[in-house]
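Keep the 3D view open as you read.

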Amino acid sequence: MSQGTNSSIVKNIIVGVLTVVIFALMIYTYLGGGAYHGGEHGKVIEDMGQSNVEKISETDMKEKDDREKEQDKLTALRDKAGNIGAFKVSQAYKSKCASCHGVNGTGEQNGKKLMGPKLFGQDSEKIYKDLIDFKAGRKENLIMKGLLIKLDEEDLRKFADEIGEFPAREKAMSDQ
Ligand code: HEC
């Protein structure tokens, strides 16, 4: 056996041992989950990446301090009270519009923003025109358009008049 063969066997052994050690380290870091994946921060970012709006708002909630939470609770309570004791609205409004614009047109429910904008306080003529424009497709919104397809102009007039009356109805309630 020559000197050359001997040292190449030693080299092979060293390379082999090193490979095993490196693999062991990789597995160790992987299981540890930590630095290799960016640690907790990495996880939060990952979560946010795949998450829906709900998860993001959950994180938002967590970030609010206690005073803000207290404020939110108050607003929710006030809104709830406002909703329950609020002026009467038609069954048609309740079933067709309230889910997105709020039971009294505030565009909110229990302090949470709904899908549709606030209608309360808008002039009935403006509302009527908006509805007609949605229906005709001049004002583009697929949700509103789809919703109004089955309603005729007389229905739209009624909705517009009713919503335009909301502030007066509320005032009548609070004057009692
Ligand atoms: C599925 C949810 C949804 C329902 C139900 C719904 N809306 Fe809407 N509405 C919206 C959204 C979203 C917009 C905002 C559209 C935009 O700005 O492009 C909107 C906009 C409007 C606007 C324009 C307001 C503004 O300030 O621009 C009026 C008026 C309106 N809706 C009336 C109604 C009426 C009346 C009903 C019941 C017949 C109703 N909506 C039902 C989602 C809804």
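Helices here are DSSP runs of H or I with at least four residues, numbered from the N terminus. Tyr-128 lies in one of them, helix H7. The model is predicted. The protein chain has 176 residues, and 10% of them count as buried.

**Overall layout**
- The protein chain holds 10 helices and 2 strands.
- From the N terminus on, the order of the elements is α-α-α-α-α-α-β-β-α-α-α-α.
- Take the contacts in the protein chain with a separation of 6 or more: 46% of them join residues 24 or more positions apart.

**Around the ligand**
- The ligand is surrounded by 17 residues.
- The closest are Cys-97, Cys-100, Gly-116, Asn-141 and Phe-159.
- Which elements give two or more residues to this shell? They are helix H6 (98-101), helix H7 (124-136) and helix H8 (142-148).
- By type, the shell has 11 nonpolar, 4 polar and 2 charged residues.

**Helix H7 against helix H9**
- Two packed helices are described by the angle between their axes and the distance between the axes.
- Helix H9 covers residues 153-164.
- The axes of H7 and H9 come within 8 Å and cross at roughly 145°.
- The crossing of H7 past H9 is right-handed.
- H7 brings Ser-124, Ile-127, Tyr-128, Leu-131, Ile-132 and Lys-135 to the contact.
- From H9 come Glu-153, Leu-156, Arg-157, Phe-159, Ala-160, Asp-161, Ile-163 and Gly-164.
- The residues of this contact divide into 8 nonpolar, 2 polar and 4 charged.

**Tyr-128 in focus**
- Is Tyr-128 buried or partly exposed? A buried residue needs 20 or more other C-beta atoms within 10 Å of its own. Tyr-128 has 19 C-beta neighbours inside 10 Å, so it counts as partly exposed.
- Leaving out residues up to four places away in sequence, Tyr-128 touches Leu-156, Arg-157 and Ala-160.
- Tyr-128 and Gly-164 are 36 residues apart along the chain. Their C-alpha atoms are separated by 9.4 Å.

**Asn-110 and its backbone**
- Where does Asn-110 lie? Find it in the loop between strand E1 (108-109) and strand E2 (112-113).
- Most residues other than glycine have a negative phi.
- Asn-110 is not a glycine, yet its phi is positive, at about 50°.
- Asn-110 counts as partly exposed because it has 15 C-beta neighbours inside 10 Å.

Technical notes
Residues are numbered from 1 along each chain as its sequence is written. This is a predicted model: local features need pLDDT of at least 70, side-chain atom pairs count only at pLDDT 80 or more; totals for chains, interfaces and linings use all residues. A residue is near a molecule or strand if its C-beta atom, placed from the backbone, lies within 6 Å of it. Ala, Val, Leu, Ile, Met, Phe, Trp, Tyr, Cys and Pro count as nonpolar, Asp, Glu, Lys and Arg as charged, and the others, Gly among them, as polar. A residue is buried if 20 or more other C-beta atoms lie within 10 Å of its own, exposed if 12 or fewer, and partly exposed in between; C-beta atoms are placed from the backbone. Two residues are in contact if their C-beta atoms, placed from the backbone, lie within 7 Å. Axes are lines fitted to C-alpha atoms, for helices over the stretch in contact, and angles run from 0 to 180 degrees between N-to-C directions. A crossing is left-handed if the near helix is turned anticlockwise from the far one by less than a right angle, and right-handed if clockwise.
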